[in-house]
Amino acid sequence: MKTQPIAPAQLEFSADAPPRSPLYGDLYHPQVGALAQARHVFLGGNGLPGRWAGRARCVVLEAGFGLGNNFLATWDAWRGDPARCERLVFVSIERHPLRREDLARAHAGTALPALAAQLIAAWPPLVPGLQVLDFEGSAVQLLLALGDVAALLPTLRLQADAFYLDGFAPARNPEMWQPRVLKALGRHAAPGATAATWSVAHALREGLQTAGFEVDTASGIGGKREITRARFAPRFASTPLPNGGQPAARSAFVVGAGLAGAAVARALADAGLQVSVIERHAEPAAETSGNLAGIFHGSVHGDDGPYARLFRAAALQAERSHRQALRDGVPGCVDGLLRLSDGDGASDAALLQRQALPADYVSAHAAAAASALAGVPLSQPAWLYAGGGWVSPAAWVQRALAAPGIRFVGEVQAGALQRCAEGWRLLDAQGHVVAEAPIAVLANAAGAGALLIPLGHVPWPLRLTRGQVSHWSAPTQPRPRLPIAGDGYLIPLPDGGLLCGATRQEDDADATLRPADHQDNLRRLQRLAGIQGPDQGWQGRVGWRLATDDRLPLAGALPLAHMPTGQRLDQARLLPRESGLFMLTALGARGLTLAPLLGRLVAAQALGAPWPLEQDLADAVDPGRWIVRAARATGRQPAD
Ligand SMILES: Cc1cc2nc3c(=O)[nH]c(=O)nc-3n(C[C@H](O)[C@H](O)[C@H](O)COP(=O)(O)OP(=O)(O)OC[C@H]3O[C@@H](n4cnc5c(N)ncnc54)[C@H](O)[C@@H]3O)c2cc1C
Ligand SMILES: C[S@@+](CC[C@H](N)C(=O)[O-])C[C@H]1O[C@@H](n2cnc3c(N)ncnc32)[C@H](O)[C@@H]1O
C-alpha cells in the first residue's frame, strides 16, 4: 500500500459554536453536543450498550475519529455498564488527526474529563497506519488508523459488530461516503452487525443497501428529524479469509521464553487466556534474549515501503510497551535514540518533510546538532528517534511472564508436536505430554523447525549470526546521554558504565567470549562516538541472531503443510492455515522493536480479534510467503 503523508487537522475554535473544519467547511458536531449525538445516534443507533451484554468482545469500526467524542462516549458507556462485554475494541479511521494541543483544547470543557485526559496523554505521533492505544489495562483498545478511509479500509483485518459513520456531511465530503467505501464496510461486518449515522442522504442509504445492509430510519436529535440505522443482512455471505483463529479458545501454550514467546504469551493472557510457556532452561530469557541491555527504534526510508512501515509501527508499539515496563521497574530508558545517517543532514530533513513525519517520531540533525544531543562528538548526521531507547530484554521478558494467567514451565525440552482432540499436544524429549491446548505458538527460535518438519512443513531459509556484546560496569568518561546506533550500538548504562555491540560472524557456533571481539567492540565505540574505551575489564555475552533471507520475521498462522489441489498460491492471505498453530521467530537483531507488536498480531490472529497491523504488512511477515514466491518463480498456479 502506498502511504500518503498525514496532514493534521486545521481547526477553528469559537466560544459559542462547536469546532469547525475550514477544509471541509463543516462543524465537527451539532450544537446540541458531541456526547449527546454520540449517545443517541451512534450508540443508540447500533443498539449499544445492550448488544454487547455478556459478550467476550465487541468491535466498533468508526469512519472519522475527529475529536474522539464518539470513542469517549462509547468507553464511558462501557465503564458504566455492569453487563458490559469483557473487551471493547474501537477501531477508528482518520485522515486528518488533531494535533495533541488541539485535542486538549477541544476537550477543555468536556463532561468526561478523566477519560479525555487519558486519551490526550496516550495520543500518538501522527504517522500513517495503525496504532493501538490501551486503556483500562487493555480491556478497552483504540486502534487508530491514520490515513484515507478508502485506502485503509481494505487493509484492515477485523469483523465489526457496529459501524459509526461519522464523516462530514456527504455534500461537503462525498469521498468519505463513496460506494466503494460503503461496500468495504460490508466486507468487515460480523454476522448481525449494525451501522448508524446522522445522515439520511439518499446516496448513503443506497450505498449501504448495495453493501448488504437493510436500511431503516429512527428519530433524530438536535434539529435532525431522522437518522439512519442499518443492519447487515447480505443475500450472499462472503467466505472469510483463512486465519487459523480459534475465537472460543480459553487456553494456549507457547514454546520458548525469549522476547518472542513472552510477547505472545502476554498478549494472549491480556486477552483472558490461560497460557503455559514451555522453556528448556530453568529461567526465561536464558538464550539470545538474555543480554544486559538492547536498543529499539524505528526506521525511515525514501519510499516508505513495507520495511519502513513495519518498523515504524513496531517501534511505536515498542515505545508504549517499554514505557509501561519501565514504570513496572524494568531497567531501561525511553528518552530517544540517535541513529547515525549516511546522508547529509539537509537531505535527511527534506525526506522527513516530504513524508511529513513528525518530530515526536523522528527528526534529522546535522553532525554538530546531533553531537549536542548526544553529549559526545559525532562525525556524522543522525536521526533522532524520540520514542527509541534501550531496555533490559531479560527483565522485560520476566515482567511480561509475570502477568496473571501465565504459567512458566522451565527445564522442559519440547520434543514433538501432535494434533489432538483439544487442538495441539506438546510432548517432551522423552515423549511425555507437556501441554494440550487449542492454540499452540512456536516461539523457540531456531528450534521451531524440529517441531514442524515432522508434520510435513518445509524448512524456512534461516541463518544464525553469532554476536558478542561488551560491557564495562565502572563509570566511564566521556559517555553519551542517549544510546547511539550505526554500525553497532552504544548504550549508557545506569551504573555509569557502557554497553557496546555487537560483532557479527556467520556460521560460527563458538559460545566462548573472545578478547578479539571485545577489541572489535572497542573500535566500534571509537567509530560511533569517538570514545576511547578502557582496554581491560570488559565483560560480555554471546548470542545468535536468527534471520530469514529477506530479513523480515516469521509471524502468524502456519499455512497447511500440504496445499489442497487447485489451491490458489499467488497471495499469502489466501493460503489455508493449520487451525490454531502459529509461530513468532526470526526477529533478527531487532527483537526488542518487533516482539511487542508481533506478539499482539499473533494473539489477534489466534483469537479472531482485529489485527493491529495492516494486511500487506502482515503479508510481509507471513510464514507462508515462500510458498507464494516459489509458486510465482515456477509459474505453478494453482497447486497441483
Ligand atoms: C549480540 C546480540 C546483540 C543484540 N542486540 C539487540 C538489540 O540491541 N536490540 C534488539 O532488539 N535485539 C538485539 N538482538 C537480537 C535479539 O536478542 C533477538 O532478536 C531476540 O532475543 C530473539 O528472541 P527470541 O525469543 O526469538 O529468541 P530466544 O531469545 O533465543 O528465545 C527462544 C527460546 O526458546 C527456547 N527453546 C528453543 N528450543 C526449545 C525447545 N525445543 N523446547 C523448549 N524451549 C526451547 C530457548 O531456550 C530460548 O529461551 C541482539 C542479538 C545478539 C546476538
Ligand atoms: C464529523 S468529524 C468526526 C467526529 C468524531 N467522530 C468525533 O466523535 O469527534 C469527521 C471526521 O472525518 C474525517 N475525514 C474526512 N474525510 C475522511 C477520509 N476520506 N478518510 C478518513 N477520515 C476522513 C475528518 O478529518 C473528520 O475528523
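Here are a few questions and answers about this predicted model.

User: How far apart are the centres of domain 2 and domain 3?
Analyst: Start with where they sit in the chain. The domain assignment builds domain 2 from three pieces, 251-286 + 395-461 + 549-634, while domain 3 is 337-386. Taken over C-alpha atoms, the centres of domain 2 and domain 3 are separated by 36 Å.

User: Are helix 9 and helix 15 roughly parallel or roughly perpendicular to each other?
Analyst: Helix 9 covers residues 306-327 and helix 15 covers residues 591-607, and their axes lie 7 Å apart at an angle of about 90°. Angles of 65 to 115 degrees count as roughly perpendicular. So helix 9 and helix 15 are roughly perpendicular.

User: How many residues in the contact of helix 9 with helix 15 are nonpolar?
Analyst: On the helix 9 side you'll find Leu-310, Phe-311 and Ala-314, among others, and helix 15 brings residues including Leu-594, Pro-596 and Arg-600. The contact also has 4 polar residues and 1 charged; the nonpolar count is 10.

User: Which strands stand at the edges of the open sheet?
Analyst: This sheet has 8 strands in the order 6-7-5-4-8-9-11-10, and the pairing is mixed. The edge strands each have a single partner, so one side of each has no neighbour in the sheet. They are strand 6 (129-135) and strand 10 (213-219).

How values were computed: Residues numbered from 1 in each chain as written. Chains lettered and ligands numbered in written order. Predicted model: local features only at pLDDT ≥ 70, side-chain atom pairs only at ≥ 80, totals over all residues. Heavy atoms only, no water. Domains from an automatic or database assignment. Axes fitted to C-alpha atoms, helices over the stretch in contact; angles between N-to-C directions. Helix = DSSP H or I, 4+ residues; strand = E, 2+ residues; numbered from the N terminus. Parallel < 35°, antiparallel > 145°, perpendicular 65-115°, else oblique. Contact = heavy atoms within 4.5 Å. Nonpolar A, V, L, I, M, F, W, Y, C, P; charged D, E, K, R; others polar. Pairing = 2+ DSSP bridges.
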